[in-house]
Amino acid sequence: TDEDAARLGRGDNLSGVLVRDVAEDGPAQRAGLKADDIVLRINGAPIEDPVDMSRIIGKTMAGKTARMD
């Protein structure tokens, strides 16, 4: 949202996905992802919205590392 972008100092740049919560001791937390991180790319593919993020994560084989920027 615009409010989230302002709070995080992102101005008008609303691309990417804001991480709201990370499961305790889950793979994302173990990889260093935390609340208020913004994911812009996964394995080099741009992430514009949660649908993009879910689609790309869903295509990643279990146990394989995904690079997030």
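Residues are numbered from 1 along each chain as its sequence is written, and side-chain values use heavy atoms, with hydrogens and water left out. Because the model is predicted, local features need pLDDT of at least 70 and side-chain atom pairs count only at pLDDT 80 or more, while totals for chains, interfaces and linings use all residues.

The chain holds three helices and four strands. Helices (H or I, at least four residues) and strands (E, at least two) are DSSP runs, numbered from the N terminus. Read from that terminus, the order of elements is α-β-α-β-β-β-α. The chain has 69 residues, and 20% of them are buried. Buried means under 20% relative accessible area, exposed means over 50%, and partly exposed lies in between (1.4 Å probe, protein chains only). The accessible surface is about 5000 Å², and carbon and sulfur atoms account for 52% of this area. Accessible areas come from the Shrake-Rupley method with a 1.4 Å probe; for residues, only the protein chains shown count as cover. Of the contacts between residues at least 6 apart in sequence, 35% join residues at least 24 apart. Contact here means heavy atoms within 4.5 Å.

The largest nonpolar core consists of nine residues. A nonpolar core is a set of buried Ala, Val, Leu, Ile, Met, Phe, Trp, Tyr and Cys residues joined through side-chain atoms within 4.5 Å. The members are Val 17, Val 19, Val 22, Leu 33, Val 39, Ile 42, Ile 47, Met 53 and Ile 56. Neighbours within four places in sequence aside, Ile 42 touches Ile 47, Met 53, Ile 56, Ile 57, Ala 66, Arg 67 and Met 68.

Helix H3 spans residues 50-59. Asp 52, Met 53 and Ile 56 are buried in H3. These residues lie on the same side of H3, because they cover an arc of only 95 degrees around the axis. The arc is that of the directions from the helix axis to the C-beta atoms. The buried residues of H3 pack against strands S1 (17-18), S2 (38-39), S3 (41-42) and S4 (45-46). The face turned away from the buried side carries the exposed residues Pro 50, Val 51, Ser 54 and Gly 58. At the N-terminal end, Asp 49 caps H3, with a side-chain oxygen 3.0 Å from the backbone nitrogen of Val 51.

Asp 52 counts as buried because its relative accessibility is 15%. A polar atom of the Asp 52 side chain lies 2.9 Å from the backbone nitrogen of Glu 48. Beyond neighbours within four places in sequence, Asp 52 is in contact with Pro 46 and Ile 47.

Asp 69 sits in the segment after H3. With a relative accessible area of 29%, Asp 69 is partly exposed. The side chains of Asp 69 and Arg 67 form a polar contact of 3.1 Å. A polar contact is a pair of N or O atoms within 3.5 Å; within protein, one must be able to donate a hydrogen and the other to accept it, and residues adjacent in sequence count only if both atoms are side-chain atoms. Leaving aside neighbours within four places in sequence, Asp 69 contacts Ile 38, Val 39, Leu 40 and Arg 41.

Asp 36 lies in the loop between helix H2 (27-30) and S2. Asp 36 is partly exposed, at 36% relative accessibility. Asp 36 and Val 19 are 17 residues apart in sequence, and their C-alpha atoms are 5.2 Å apart in space.
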